[in-house]
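Welcome, and please have your viewer ready.

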Amino acid sequence: MKSLHAQHHALADTSYQLTVLSEAEAAGARLPAFAHKLRESGLLPLRPTELAVMQVNVGKMCNQTCRHCHVDAGPDRTEIMTRATMQLCLNALAQTTIPVVDLTGGAPEMNPDFRWFVEQISALGRQTIVRCNLTIIVANPKYHDLPEFFAKHGVRVVSSLPHFSAARTDAQRGEGVFGRSIRALRMLNAVGYGVEGSGLLLDLVYNPSGAFLPGSQVGLEREFKQRLLREHEVVFNNLLAITNLPISRFMDYLLESGNYESYMQKLVAAYNPVAAANVMCRSTLSIGWDGQLYDCDFNQQLDLNVAQNAPQHIRSFDAAALQDRAIVINQHCYGCTAGAGSSCGGATA
Amino acid sequence: MEKSTYYNPADLAKFGNVSDWQPEMGRKFFDYYGEVFKEGALSEREKALIALAVAHAVQCPYCIDAYTADSLQKGADEAQMMEAVHVAVAIKGGAALVHSVQMMNKAKELSM
């Protein structure tokens, strides 16, 4: 499967995605603006709280082409963060006490400077999260030692596994992905990841493989733990339930399957003001592969940069100026405020 | 214009409107309904699968739509959902078949 970008698909144009988002209807009327909902909740303009996570997207290149990917990542994407831009991120990090750097992609490990970057973050005494797609570990012998590398630097590994059933996982992430993911999980377990008392955290990300919202994170975690242990002898720490946001390839799936409007209606109907108050963009700064700044990785993929009055690039990082910004919102934000809420750390309410 | 059929998928979203003409009974029913489907001695996923099986037994298209979505949402997969339906089928089929004992009894009574 090719990325939307490589297909020259209409949805590869982010302004077209924003148009589709603005046109969603229920019973012939436009859905309420997300800004309107926030105003009702007393949260408009949406302001940052304390900056707790620097999330860095180190590139769109990936060994997989998942059907729901909000980054439109894949082997045909060549956008990748340079070491010079990583250094700018480190310079900014050193000026702050931000405790966590969350590395995402694409497959972040495919960036040639990935290991150097992790070592530098570690040297600054900050926690690294790697959003590892699991299959990268077994994709090529040069990645087989990633579990040891992660362990050496105390990296918290957060990995997508949308279901304990091979069929449901492969339907979303590609043929054979489940089997390779289980192999990788066993390699991570073998060095202590997910094992009680090891101090090495291995969290799994559940996101629905279809046009529905995630159920209770607690219930899903219990089910995943039982099934993965019983059927595959795999252990992990936490399950993070994440809602699919209606953008990029997931938007394509929704439109193609005729589920777009009903999914948007579900998100709006499930709006939860408690989840809205806890959205991750309030405590996150998202950095693109080219150093541009965003409120979150979803805004990044829609080319919605941080507000104009804030620094636009990591080279001009200014924590105080960023703290004064209003967070940029749009209709896709309903995905983070539905039901129990959704963030890169799972449920929020 | 809405389709002239006895079942309209859009009516599922109007379920709550049944309280309009009898608010007190409606409130009590929905409070009870919500309580039943909460995590308890059975998990939410197990309850969704039971509801899915019952939906097939009572042949309620609204319930089949609702509890297919709910089962997926609660983490069930296709195999679990189809097994749940087969439980309903076995009980409905078995309920018919077990009456054949009565048929056999009657036939024996009437026969030489």
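What pattern does chain B follow, read along the sequence? Select chain B and follow the sequence: the pattern is α-α-α-α-α. Its tally is 5 helices and 0 strands, where helices (H or I, at least four residues) and strands (E, at least two) are DSSP runs, numbered from the N terminus.

A word on what is on screen: this is a predicted model, in which local features need pLDDT of at least 70 and side-chain atom pairs count only at pLDDT 80 or more, while totals for chains, interfaces and linings use all residues. Residues are numbered from 1 along each chain as its sequence is written, and chains are lettered from A and ligands numbered from 1 in the order in which they are written.

**Stop 1: chain B as a whole**

Keep chain B selected and show its C-alpha trace, which spans about 60 × 35 × 30 Å along its principal axes. The radius of gyration of chain B is 19 Å, whereas a compact globule of 112 residues would have one near 13 Å. That radius is taken over C-alpha atoms, and the globule rule is 2.2 Å times the number of residues to the power 0.38.

Now colour by burial: a residue is buried if 20 or more other C-beta atoms lie within 10 Å of its own, exposed if 12 or fewer, and partly exposed in between, with C-beta atoms placed from the backbone. Of the 112 residues in chain B, 14% are buried. Among contacts in chain B with a separation of 6 or more, 57% are between residues 24 or more positions apart; two residues are in contact if their C-beta atoms, placed from the backbone, lie within 7 Å.

**Stop 2: a helix pair in chain B**

Select residues 44-57 and 78-98 of chain B, which are helices α2 and α4. Two packed helices are described by the angle between their axes and the distance between the axes. Here the axes come within 8 Å and cross at roughly 45°. Axes are lines fitted to C-alpha atoms, for helices over the stretch in contact, and angles run from 0 to 180 degrees between N-to-C directions.

Show side chains to see the contact: α2(B) brings residues including Leu49(B), Leu52(B) and Ala53(B), and α4(B) brings residues including Met81(B), Ala84(B) and Ile91(B). By class, this contact has 11 nonpolar, 2 polar and 1 charged residues. Ala, Val, Leu, Ile, Met, Phe, Trp, Tyr, Cys and Pro count as nonpolar, Asp, Glu, Lys and Arg as charged, and the others, Gly among them, as polar.

Next, pick Gln59(B), in the loop between α2 and α3 (61-73) of chain B. Gln59(B) has a positive phi of about 50° although it is not a glycine. Gln59(B) is exposed, with 10 other C-beta atoms within 10 Å.

**Stop 3: across to chain A**

Show both chains and look at their contact, which takes 13 residues from chain A and 11 residues from chain B. On the side of chain A that touches chain B, the elements giving two or more residues are α8 and α10 (217-232) of chain A. The most comes from α10(A), with 3 residues. This side of chain A divides into 5 nonpolar, 6 polar and 2 charged residues.

Zoom out to chain A, with its 16 helices and 10 strands. Buried residues make up 50% of chain A.

**Stop 4: around α8 of chain A**

Select α8 (residues 166-173) and α9 (residues 177-190) of chain A, whose axes come within 8 Å and cross at roughly 105°. That makes α8(A) roughly perpendicular to α9(A). Then pick Ala167(A), which lies in α8 of chain A and is exposed, with 12 other C-beta atoms within 10 Å.

**Stop 5: backbone details in chain A**

Most residues other than glycine have a negative phi, and most peptide bonds are trans. Select Leu44(A) and Pro45(A), joined by a cis peptide bond with omega about -5°. Another cis bond runs from Gly105(A) to Gly106(A), with omega near 15°. Finish at Asp303(A), where phi is positive, near 60°.

Conventions: Angles under 35 degrees count as roughly parallel, over 145 as roughly antiparallel, 65 to 115 as roughly perpendicular and the rest as oblique.
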